[in-house]
Amino acid sequence: RWHMLAAANAGKVCPGSLLPHVASTNSAISTLTASIHADQWTRAADGTYRLTQCPHCGGHRRAPMRIEEPVGLVCLDCRKDQAGLDWPADPYDQWRCAPDLWRALE
């Protein structure tokens, strides 16, 4: 959910916006900081978290995938992963984490 909220809010997520989807904001933050994509997030002075922009196009719509091949997150705007490899929507969107929730944002 972190990545989806970031996509909808120019990369910015307030942990409180994850309620009621998580038991507490502390558990949500713990999940984020323990994730393999934790290095893609920074904590701002106002307590929000910001997803780093795509290194190729500057977009914030970056999704984790359920397959191992992409390097880091895949940008849904330019369709590149961290290494610059292309991941076209067809057929790879089916491998996004929580694809139904992403489709609801589009």
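This is a predicted model: local features need pLDDT of at least 70, side-chain atom pairs count only at pLDDT 80 or more; totals for chains, interfaces and linings use all residues.
Trp 2 is buried, and so is Tyr 49; buried means under 20% relative accessible area, exposed over 50% and partly exposed in between, with a 1.4 Å probe and protein chains only. Residues are numbered from 1 along each chain as its sequence is written, and side-chain values use heavy atoms, without hydrogens and water.

Rings of Phe, Tyr and Trp (its six-membered ring) pair if their centres lie within 6.5 Å; planes under 30 degrees apart count as stacked, over 60 as edge-to-face and the rest as tilted. Trp 2 and Tyr 49 are edge-to-face, 5.5 Å centre to centre with 80° between the planes. This pair links helix 1 to strand 3, across 47 residues; helices (H or I, at least four residues) and strands (E, at least two) are DSSP runs numbered from the N terminus. Trp 2, Trp 41 and Tyr 49 form one aromatic cluster.

The largest nonpolar core has 10 residues, including Trp 2, Trp 41 and Tyr 49. Such a core is a set of buried Ala, Val, Leu, Ile, Met, Phe, Trp, Tyr and Cys residues joined through side-chain atoms within 4.5 Å.

Thr 48 lies in the loop between strand 2 (41–43) and strand 3 (49–51). Thr 48 counts as buried because its relative accessibility is 7%.

The protein chain averages a pLDDT of 88. Confidence is lowest in helix 4 (residues 99–105), at a mean of 63.

Methods:
pLDDT is the predictor's confidence in each residue, from 0 to 100.
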